[in-house]
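Hi,

Here is the structure I said I'd pass along.

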Amino acid sequence: MKKIALYKITLVSIIVLSFIGCDSHDGQKVDLKYNTLVWEDNFDGVAGTLPDATKWVYDLGTGNNGWGNLELQYYTNRPENISKDGNGNLVITAIKESFQGSGYTSARIKTKGKLDQKYGRFEARIKTPYGQGLWPAFWMLGSDIDTVTWPLCGEIDIMELRGQKPSTMSSALHGPGYSGANPILYNYTLIDNRFDTSFHIFAVEWDENKIDFFVDNYLFKRITKAEVETKGPWVYDNPFFLILNVAVGGSFGGNPNSTTSFPQKMTIDYVKVYQ
């Protein structure tokens, strides 16, 4: 998902494989390779307070061309758009309002310069927003983005979804030769459940030869270095940082319409990183 003046312009002409899931998975749970917790945020604290400044920094404004995706929101660091709820959660709220020339506000935070790690397990427990034009995401960018630029830095999309399709999420890789409109992308669909009505755990386990994608500790897709190299170079041997955001509108899922209600919230219970 190109989201820094650099992301997906459209998802046309992508070869997508879909996976079907349910609430209990019996066949593909695996022993977790990484079990040493090295970083976490449980978002404990007083309601209305901002996320821990020792762990997170903000992207602010509208970026270049709507963060590269024609997105409509203005990202802020206001408690109205991002704050703890007093119950151990962080809430990112997309609001329909006039602000600095934009028609919507939201928030986007990242661990750049606070947590940058090569390989390991990266996970979050999240409940997503719902509605046409909402685009929540939990993802990663290569920490060398300021020197080599995107997509040479690499991008790992752990979870993103179109708010109008609350039962289906996608995971993707973006790198040289497989970026923007043509990432390596796979969908995962819940049966008789939705990502906006309950919390789900989204995670990747990443090493020098593969990246495994999990939903609720169910391994739904393994992307190997060999598969990536059929599209372009493997650019996943450097540290990456984490990002959480809710975009409004843009090329991934379209813009809000008359059916979309606001405000919409993405609620994050925790983020954890293991080695």
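A quick definition before anything else: a polar contact here is a pair of N or O atoms within 3.5 Å, where one must be able to donate a hydrogen and the other to accept it. Bear in mind too that this is a predicted model.

The side chains of Gln 73 and Glu 71 are joined by a polar contact of 2.7 Å. The Gln 73 side chain also gets to the backbone nitrogen of Val 248, at 2.8 Å. Gln 73 belongs to strand β4, which covers residues 73–75. Is Gln 73 buried or exposed? Its relative accessible area is 0%, so Gln 73 counts as buried, the cut-off being under 20%. Leaving out residues up to four places away in sequence, Gln 73 touches Gly 61, Thr 62, Trp 67, Ser 102, Tyr 104, Thr 105, Ser 106, Val 246, Ala 247 and Val 248.

Some of those neighbours lead on to the strands. β7 spans residues 102–106 and pairs with β6 in the antiparallel sense, over 3 bridges. In that pairing, Ile 95 sits opposite Thr 105 of β7, and Thr 105 is one of the residues that Gln 73 touches. The β6–β7 hairpin has 2 residues between the strands, and Gln 100 takes a positive phi near 50 degrees there.

β6 itself (residues 90–99) also runs antiparallel to β5 (residues 82–84), with 3 bridges between them. Lys 84 is the residue standing opposite Leu 90 in β6. That hairpin has 5 residues between its strands, and in it Gly 86 has a positive phi near 85 degrees.

And then there is β18: how many bridges join it to β6? There are 5, and the two strands run antiparallel. Leu 90 turns up again here, this time opposite Ile 268 in β18.

Last stop is Asp 269, which lies in β18 (residues 264–274). Asp 269 has a relative accessible area of 19%, so it is buried, given that the limit is under 20%. Not counting residues up to four places away in sequence, Asp 269 has contacts with Asp 41, Asn 42, Phe 43, Gly 88, Asn 89, Arg 125 and Phe 199. Take Phe 199 from that list: Phe 199 and Asp 269 are 70 residues apart in sequence, yet their C-alpha atoms are 8.1 Å apart in space.

That's what I have for now.

Cheers

Technical notes. Residues are numbered from 1 along each chain as its sequence is written. This is a predicted model: local features need pLDDT of at least 70, side-chain atom pairs count only at pLDDT 80 or more; totals for chains, interfaces and linings use all residues. Side-chain values use heavy atoms; hydrogens and water are left out. Helices (H or I, at least four residues) and strands (E, at least two) are DSSP runs, numbered from the N terminus. Buried means under 20% relative accessible area, exposed over 50%, partly exposed in between (1.4 Å probe, protein chains only). Contact means heavy atoms within 4.5 Å. Two strands pair if DSSP finds at least two bridges between them.
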